Amino acid sequence: MDIRAHVSMVFHLDKCIGCHTCSVACKNIWTDRKGTEYMWWNNVETKPGTGYPTQWEDQGKYKGGWEKGKDGKIHLRLHNRTEGLTNIFYNPALPTIDDYYEPWTYDYENLFNAPEGDDQPTARAVSMITGKPMDNIEAGPNWDDDLGGSPLYASNDVNLDKLTEDEREQLNEIERVVFFYLPRICNHCLNPGCVAACPAGAIYKRGEDGIVLISQEKCRAWRMCISGCPYKKTYYNWSSGKSEKCILCFPRLESGQPPACFHSCVGRIRYLGVLLYDADQIEQCASVPDEDLVAAQRDMIQDPFDPEIIAAAKANGISDAMIAAAQNSPVYKFVKKWQIALPLHPEFRTLPMLYYVPPMLPVLAKTKDGNYDIEGLDQENLPTMLSSLEKARMPIKYMASLFSAGNVEEVEQVYRKLIAVRIFKRAQKVKGYQQAEVDTALAQGKTDAEEVEAIFRLTSLPTYEERFVVPPLGRESAVEAWERPLDRKREAGFGVRNKIAKRKF
């Protein structure tokens, strides 16, 4: 047993309002520089949609992540060692600027300096690559925003491939179109494809907290990390000639503050905390069949209250403060204790440490002959207006494609529990509910009143301290493994003052 600590995240999609405040906060701090114009370390996508870069989930095109070979072991999808050597000067799986978008700004000066004329002056779009005016803007970091990209874009979502035509039409019924928002940052995976793909060994995970970073000194701009990451969360800075990615705002974490995108989130959808996991299980966890990936990743996370786990953690040098943070972690509750948060695309086999609580399905059922189709709901003993999973507007197969590698049963169980929370709390406020209905919902969700109240509390009424349990990272202790701390200690006392040469005029 090799117990380690990892700073992990949960995004509660039911609370995301798609305001993009997180994206702007990140952009202003980290990627408002030359060479980073097209980078969005944090972006918010509309689903169904093709995302950013376009169709990033299509690994047949980009070859990111890992795949299970005939020998039962996992292999990097991008290339093997020999292919990596032959492709080092040519990488056909690398996304181009057209797969992202051509970044632009506006000629705001023209609004003030335009000569007098019959028409109002306008601020034309200007390319940040060529510096020339752009006649047509064809793509952006969330071109599908609120389905604004039209079905031409949303219909190309690879997660729709397994849906029937009837289920596809269900998403686009007039006046009842359904979509939700999917914020994305680097997942800081336990088995990151970017780390394995880098020929220079420039990408690494910090031992004390699991944050994945790129050494700007070692990076040689081979850009294999961009292809190796299936989530396309590493980028190439054309100005510095180095790759860059989300650093989870580690300078803020080291001073006890949550990352900027977490702190600025208007919907308060983001939770941060520590998970303890068994590193000996990583390879085995990433090698199980698709339908078992979620359960295997959940089993790899260990109970921070178990005395045996605590002893193993301490033997590995994990501090008492870090263990205490793991015991109070909201991420542990959502992922392991309540089992309602799922990893994004676990079939990429990178073991992402960012988890999502799926969005609640719209209350309205789908329509049939102009009426709500509620046939069969009475058999499930659920209130009519709270549609059953089978009659849901958002097809479960679509959610399973996103969050459980196609395992419909895994996603259904999450929704059964979320529906139980909805019915239990609604019964406390709305007259006419029968206790039998509530009991049936709790039974189907495999939960009880105490757990439902706890889920509701952490979802709807969490305090700042409950959402962000930032552990003391102890960076000064971690660097002792390879550096002398006194080398970084500034001089004190009188010291020696060098004589300053006199100025000559």
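Modeller: A helix here is a DSSP run of H or I with at least four residues, and a strand is a run of E with at least two, numbered from the N terminus. The model before us is predicted. In it, His 79 is found in the loop between β4 (74-76) and α3 (81-86).

Biologist: What makes His 79 count as buried or exposed?

Modeller: The relative accessible area of His 79 is 12%. Buried means under 20%, so His 79 is buried. Leaving aside neighbours within four places in sequence, His 79 is in contact with Gly 84, Ala 197 and Met 224.

Biologist: Why are Lys 314 and Asp 320 said to form a salt bridge?

Modeller: A salt bridge requires a side-chain nitrogen of Lys or Arg within 4 Å of a carboxyl oxygen of Asp or Glu. The closest N and O atoms of Lys 314 and Asp 320 are 3.3 Å apart, so the pair forms a salt bridge.

Biologist: Why does Lys 314 count as partly exposed, and why does Asp 320 count as exposed?

Modeller: Exposed means over 50%, and partly exposed lies between that value and the limit for buried, which is 20%. Lys 314 has 45% relative accessibility and therefore counts as partly exposed. Asp 320 has 51% and therefore counts as exposed.

Biologist: Which residues do salt bridges with shared partners join into one network?

Modeller: The network consists of Arg 206, Glu 208, Asp 209 and Glu 254. Within it, the side chains of Glu 208 and Arg 206 meet at 3.8 Å, N to O, and both residues are buried.

Biologist: How many salt bridges does the structure hold?

Modeller: The structure holds 17 salt bridges. One of them joins Arg 184 and Glu 45, whose closest N and O atoms are 3.0 Å apart. The pair links distant parts of the chain: Arg 184 belongs to β7 (residues 180-184) and Glu 45 to β2 (residues 43-47), with the two residues 139 apart. Arg 184 and Glu 45 are buried.

Biologist: Why are β12 and β13 said to stand at the edges of their sheet?

Modeller: The sheet is open and has four strands in the order β12-β1-β14-β13, with mixed pairing. β12 (270-278) and β13 (342-343) each have a single partner strand, so one side of each is left without a neighbour in the sheet.

Biologist: How do you know that β13 and β14 are paired?

Modeller: Pairing requires at least two bridges between the strands. Two bridges join β13 to β14 (residues 354-357), so the strands pair, and they run antiparallel. Leu 342 stands opposite Tyr 356 in β14.

Biologist: What joins β10 to β11?

Modeller: Four bridges join β10 (residues 234-237) to β11, and these strands run antiparallel. Asn 237 stands opposite Lys 242 in β11. The two strands form a hairpin with four residues between them, and Gly 241 in the turn has a positive phi of about 75°.

Biologist: What is found on each face of β11?

Modeller: Both faces are covered: Lys 242 and Glu 244 on one side, and Ser 243 and Lys 245 on the other, are all buried.

Biologist: What does β11 give to the lining of the largest pocket?

Modeller: β11 gives the most, with three residues. The pocket holds about 670 Å³ of space and is lined by 25 residues, of which Tyr 204, Leu 213, Ile 214, Ser 215 and Arg 475 lie nearest its centre. By class, the lining has ten nonpolar, five polar and ten charged residues.

Methods
Residues numbered from 1 in each chain as written. Predicted model: local features only at pLDDT ≥ 70, side-chain atom pairs only at ≥ 80, totals over all residues. Heavy atoms only, no water. Buried < 20%, exposed > 50% of the residue type's maximum accessible area, 1.4 Å probe, protein only. Contact = heavy atoms within 4.5 Å. 1 Å grid on protein atoms, 1.4 Å probe; cavity = no way out; pocket = protein on both sides within 12 Å on 5 of 7 lines; lining within 4 Å. Points joined across faces, edges and corners; volume = space filled by probe spheres on them. Nonpolar A, V, L, I, M, F, W, Y, C, P; charged D, E, K, R; others polar.
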